[in-house]
Protein chains: 2
Amino acid sequence: MASADDGFRPLDEKSLIEYIKATPSLSSKLGNHFDDLQVKEVGDGNLNFVYIVVGGSGSFVIKQALPYIRCIGESWPMAKERAYFEATALNEHGRLCPGHVPEVYHFDRAMCLIGMRYLEPPHIILRKGLIAGHEYPLLAEHMSEYMARTLFFTSLLYRTTTEHKREVAEFCGNVELCRLTEQVVFSDPYKVSQYNHWTSPYLDHDAEAVREDNALKLEVAELKSMFCERAQALVHGDLHTGSVMVTHDSTQVIDPEFAFYGPMGFDIGAFLGNLILAFFAQDGHANQSNDRKTYKEWILRSIEDTWNLFEKKFTALWDEHRDGSGEAYLSEIYNNPELQQLVKQTFMKGLLQDTLGFGAAKMIRRIVGVAHVEDFESITDAGVRADCERRALNCAKMLLKKRREFQAINEVVSAIQQIHS
Amino acid sequence: MASADDGFRPLDEKSLIEYIKATPSLSSKLGNHFDDLQVKEVGDGNLNFVYIVVGGSGSFVIKQALPYIRCIGESWPMAKERAYFEATALNEHGRLCPGHVPEVYHFDRAMCLIGMRYLEPPHIILRKGLIAGHEYPLLAEHMSEYMARTLFFTSLLYRTTTEHKREVAEFCGNVELCRLTEQVVFSDPYKVSQYNHWTSPYLDHDAEAVREDNALKLEVAELKSMFCERAQALVHGDLHTGSVMVTHDSTQVIDPEFAFYGPMGFDIGAFLGNLILAFFAQDGHANQSNDRKTYKEWILRSIEDTWNLFEKKFTALWDEHRDGSGEAYLSEIYNNPELQQLVKQTFMKGLLQDTLGFGAAKMIRRIVGVAHVEDFESITDAGVRADCERRALNCAKMLLKKRREFQAINEVVSAIQQIHS
């Protein structure tokens, strides 16, 4: 895969050490001591190679994008330039919300390589924590903070049109990753595709029903159009529970290589939709010592808290910057408290409905599409797994079709409980 | 204003002749004969200088953008690079609909100068024809053809995401013109602004009512957000009746310097909204020899025909290219006649509602904003003019607030008639 032309060469654990030695921004992090260096490839995601580098006096993570999708191989090429957009989004979101985004130490555009903070143990991937049944008391607080700040400050509520169009144009370059989302989220689950799979034969009929549901496909078309056309804010683009690392006190959002200017609801929906998947997977993880009943309640509370805190923080930022340079709602026009309340309510109601639609689409694709989630995959009994998945799928279909009927998140939680029971 | 740095210098009637002589693509149009050359500056628009050049064996128009708004002067700077976007849009829309877009002969990016077909007499600006009471039997047919083809072929109904994002990024560069629209269409009319004016004192209360109408401002915010964020198709961006030149048989769309990737309804709404303005202006042009009754009926019929023909042509293109490379509605997903009908109906219903919203916003700004229309301005009796304008304004406010209630264009026409009578 090496190409002398563009300065790109894929590294391995050995050549990475030479690269680090030759790169001051990285070698200085290790105090220029390399004797005790430990390098370990840990990429367990779908796309990239990830190395943990630990020395006596420092550590970092190296992430290199290769020009294909790792979990499929060279047969599915994918622009390695995604690393540029990932680094740009990490820097931008990190600037806006430094408490919840790992710091970037080094970016090499030619090598498609990012050096960033190593999220040391006990940080684990949130999805694994949800499967294990761990509660994270600050999760809703932290994720709502991250989403409120990154989405607000990259939207026209804060930015001028000039800044906005410049950024939108830049991120149009991340088109290959957008196309991948279009395919795996909005297209493949709704048609016969070689990549689709599901818990067969249990869900054969359910998968077919998704492909034959006209009302569902009508709604998906509307969401896809919004995804492709609406440059509302710099979204993470892949904000599921596998893109969040957590401890009891820390919440860190990683892997924004799908970042682009898209609808805010796509991020919020990805996060909440994956929490709903985690909720429906719990019955598959229950056993005699733990029925997961309390934990399911915690997940539902986290869904509700995340939205409610997001709404509170987002509208607080809106109020705080009402007289700023944002061009969406000029203070000379939106000049009385009643109207200010009205536009915020209307905006948040629309955003909740977008969120439910995108969240539902993300749930569906994880059950009948190409890439599944460990929440369900780790349930070894296929019959039990299928029962969990079917309930999640039915919940998603309901949310997608009826999203306009929900006025508040507690109604959504009630509807989830109803499907579950 | 001349700058040696970027190769730009503003021309006048004299220096233009030297420029033409030195430019083969232009001089050849004149058969390289310059003795009988006639050059006449005719720019009557708000922004640019326009020269008609006629020689013994050929003719053309030269349009040069200057780095400010002509009708206001150097105190309102405006990117002269708009000429690049105008030329690009003329070429793109001309390729898609050559019968209704003047051919570009020459474009000089440094000079911000376009040489294009001279639309010879009896071509006149449509707005002037509407004021004079001329019927154009092919207008609805031609404009629906132009809008259906330019909007369909530049949307994701025809394009791939890759093509779409590349074009969107390019036209993000036309940001200054977008900002101008944002200001004069979506902002100034709804706040106190030095540029606003209206037929005073008659409409003082009406202008104030616009500025104090919370429900109206809520709707305008939604439209502005769509204008700024939704890259649906390459829109003309200023498709009022002053951007169309007509004869009995010919319809030519000019002046797309506001072109960018925006919502389709912005173009259709601009055109239909300006026809509605023309309708409400007719009472001010009626006299003893012509009560304009028949003509008003023709305008309403043209509004109805334009939309209905647009819908027919647009959906026919959609059917024709169903198996093409467009990524919005993949044929493997939208794979049965009932569903195909459903998605088209839903799309067109949404587009009609966008059209009514944008059309209404364009009407309002022509009555209480900075730039008015000759339809009303040419009514010399201020009291009569104000009556016409008030009815148009009330119609626009109704359309903007109730646009979601309209299912078909004939309902809109009925509502217009009701306000008028």
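How much area is buried between chain A and chain B, and what share of it do carbon and sulfur atoms give? The area is about 3,800 Å², and carbon and sulfur atoms give 56% of it. The model is predicted.

**Where chain A meets chain B**

- On the chain A side, 44 residues are in contact with 44 residues of chain B.
- A:Lys165, A:Asn214 and A:Glu229 together supply 18% of the area that chain A buries against chain B, which is more than any other three residues supply.
- Between the two chains there are 24 residue pairs in polar contact, counting pairs with both residues at pLDDT 80 or more.
- Four elements of chain A give two or more residues each to the side that touches chain B: α6 (161-171), α7 (175-187), α9 and α12 (337-368).
- Of the elements of chain A, α9(A) gives the most to this side, with nine residues.
- Sorted by class, the side of chain A that touches chain B has 22 nonpolar, 11 polar and 11 charged residues.

**Salt bridges between the chains**

- Side chains of opposite charge can pair when their charged atoms come close.
- Six salt bridges are counted between chain A and chain B.
- In one of them, A:Arg230 pairs with B:Glu229, and the closest N and O atoms are 3.0 Å apart.
- This pair crosses between chains: A:Arg230 is in the loop between α9 (214-229) and β9 (233-235) of chain A, while B:Glu229 is in helix α9 (residues 214-229) of chain B.
- B:Glu229 counts as buried because its relative accessibility is 8%, and the cut-off for buried is under 20%.
- A salt bridge also joins the side chains of A:Glu229 and B:Arg230, at 3.0 Å from N to O.

**Salt bridges within chain A**

- Over all chains, a search of the whole structure finds 61 salt bridges.
- One of these links A:Glu374 and A:Lys128, with the closest N and O atoms 3.1 Å apart.
- A:Glu374 lies in helix α13 (residues 374-377) and A:Lys128 in helix α4 (residues 126-132), so this pair ties together parts of chain A that are 246 residues apart in sequence.
- A:Glu374 counts as partly exposed, at 35% relative accessibility.
- A:Lys128 is likewise partly exposed, at 35% relative accessibility.
- A:Asp206 forms a salt bridge with A:Arg390, and the closest N and O atoms are 3.2 Å apart.
- Because A:Asp206 lies in helix α8 (residues 204-211) and A:Arg390 in helix α14 (residues 382-402), this pair ties together parts of chain A that are 184 residues apart in sequence.
- A:Asp206 counts as buried, at 12% relative accessibility, whereas A:Arg390 counts as partly exposed, at 25%.
- Salt bridges that share partners join five residues into one network: A:Lys63, A:Arg82, A:Glu86, A:Asp255 and A:Glu257.

**A sheet in chain B**

- Strands of a sheet pair through backbone hydrogen bonds, either parallel or antiparallel.
- Chain B has an open sheet of three strands in the order β8-β10-β11, and the pairing is antiparallel.
- At the edges are β8 (124-125) and β11 (251-253) of chain B, each of which pairs on one side only.
- β8(B) pairs with strand β10 (residues 244-246) of chain B over two bridges, in the antiparallel sense.
- B:Ile124 has B:Val246, in β10(B), as its bridge partner.

Technical notes
Residues numbered from 1 in each chain as written. Chains lettered and ligands numbered in written order. Predicted model: local features only at pLDDT ≥ 70, side-chain atom pairs only at ≥ 80, totals over all residues. Heavy atoms only, no water. Salt bridge = Lys/Arg side-chain N within 4 Å of Asp/Glu carboxyl O. Buried < 20%, exposed > 50% of the residue type's maximum accessible area, 1.4 Å probe, protein only. Pairing = 2+ DSSP bridges. Contact = heavy atoms within 4.5 Å. Buried area = accessible area lost by both parts, 1.4 Å probe. Polar contact = N/O pair within 3.5 Å; in protein donor to acceptor, adjacent residues only side chain to side chain. Nonpolar A, V, L, I, M, F, W, Y, C, P; charged D, E, K, R; others polar.
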